[in-house]
Amino acid sequence: MRYIVSLLFVVFSSLVYAQSFPPPPAMANSSQQKLIDEFIEVSHYREALVNYAKEYLELKMFDYSIDPPKELLTKEQARSIIKNFNFDDFKISLYSAFSFIPEKELKELINFYKGIGGQLSRNNSILLMDPNIDLNIKNHMDFAIENIK
């Protein structure tokens, strides 16, 4: 009986240690980071991302599931969240997301934005987005909402 228990313990232990760690997050190399920084500058990405965050906060200001809607966040609190938004801390997320774009395509995006004067729309509300950036900005805003109360 001891041998069976010992054998099961050894087999189970080896299976547990056979699990591998998840791969590290994607990160842009230094030349990609320079191109991403240039893209952020010429496309006015910061402004577009802040506009996106403002729109998200407007949706979060009221709880529409009850009648009448309950105010969850005042306009002053929303302005404070946007004012305190640290774009430089968010850049890591952008480097990770844009690291999958080859350098050639990044250069073409930069040239495209330079050609149109840096904005796709009048109020700069259109931006290059992927699900990770979307999730990160929403998590960032939700965290700020929770900490403002």
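Asp-134 and Lys-138 form a salt bridge in this predicted model, with their closest N and O atoms 3.4 Å apart. A salt bridge is here a side-chain nitrogen of Lys or Arg within 4 Å of a carboxyl oxygen of Asp or Glu, and by this rule the count comes to five. Because the model is predicted, local features need pLDDT of at least 70 and side-chain atom pairs count only at pLDDT 80 or more, while totals for chains, interfaces and linings use all residues. Residues are numbered from 1 along each chain as its sequence is written, and side-chain values use heavy atoms, with hydrogens and water left out.

**Salt bridges**

- Both Asp-134 and Lys-138 lie in helix H7, four residues apart, which is about one turn of the helix. Helices (H or I, at least four residues) and strands (E, at least two) are DSSP runs, numbered from the N terminus.
- Lys-138 counts as partly exposed because its relative accessibility is 26%. On this scale, buried means under 20% relative accessible area, exposed means over 50%, and partly exposed lies in between (1.4 Å probe, protein chains only).
- A salt bridge also joins Lys-114 to Glu-38, where the closest N and O atoms are 3.1 Å apart. This pair links distant parts of the chain, since Lys-114 belongs to helix H6 (residues 103–115) and Glu-38 to helix H2 (residues 30–42), 76 residues apart.
- Lys-114 has a relative accessible area of 47% and is therefore partly exposed. Glu-38, with a relative accessible area of 30%, is partly exposed.
- The side chains of Asp-142 and Lys-60 meet in a salt bridge of 3.8 Å, N to O. Here too distant parts of the chain are linked, with Asp-142 in helix H7 and Lys-60 in helix H3, 82 residues apart.
- Asp-142 is partly exposed, at a relative accessible area of 21%.

**Surroundings of Lys-60**

- Lys-60 of helix H3 has a relative accessible area of 33%, so this residue is partly exposed.
- Leaving aside neighbours within four places in sequence, Lys-60 is in contact with Leu-72, Leu-73, Asp-142 and Ile-145. Contact means heavy atoms within 4.5 Å.
- Between Lys-60 and Leu-72 the C-alpha to C-alpha distance is 7.2 Å, and the two are 12 residues apart in sequence.

**Packing of H3 against H7**

- The axes of helix H3 (residues 45–60) and helix H7 (residues 131–148) come within 10 Å and cross at roughly 55 degrees. That angle makes H3 oblique to H7.
- Axes are lines fitted to C-alpha atoms, for helices over the stretch in contact, and angles run from 0 to 180 degrees between N-to-C directions. Angles under 35 degrees count as roughly parallel, over 145 as roughly antiparallel, 65 to 115 as roughly perpendicular and the rest as oblique.
- H3 contributes Tyr-45, Leu-49, Tyr-52, Ala-53, Tyr-56, Leu-57 and Lys-60 to the contact, and H7 contributes Ile-133, Asp-134, Ile-137, Lys-138, Met-141, Asp-142 and Ile-145.
- The residues of this contact of H3 with H7 divide into 10 nonpolar, no polar and four charged. In this division Ala, Val, Leu, Ile, Met, Phe, Trp, Tyr, Cys and Pro count as nonpolar, Asp, Glu, Lys and Arg as charged, and the others, Gly among them, as polar.

**Packing of H3 against H5**

- The axes of H3 and H5 come within 12 Å and cross at roughly 100 degrees. The two helices are therefore roughly perpendicular to each other.
- Tyr-45, Arg-46 and Leu-49 of H3 make the contact with Phe-87, Phe-90, Leu-94 and Phe-98 of H5.
- By residue class, this contact of H3 with H5 holds six nonpolar, no polar and one charged.

**Ser-93 in H5**

- Ser-93 has its place in helix H5 (residues 87–98), and counts as buried because its relative accessibility is 14%.
- Not counting residues up to four places away in sequence, Ser-93 touches Asn-132 and Asn-136.

**Backbone features in loops**

- The peptide bond from Asp-67 to Pro-68 is cis, with omega near -5 degrees. Pro-68 is found in the loop between strand E1 (62–63) and strand E2 (70–71).
- His-44 lies in the loop between H2 and H3. The phi of His-44 is near 55 degrees, a positive value in a residue other than glycine.
- With a relative accessible area of 32%, His-44 is partly exposed.
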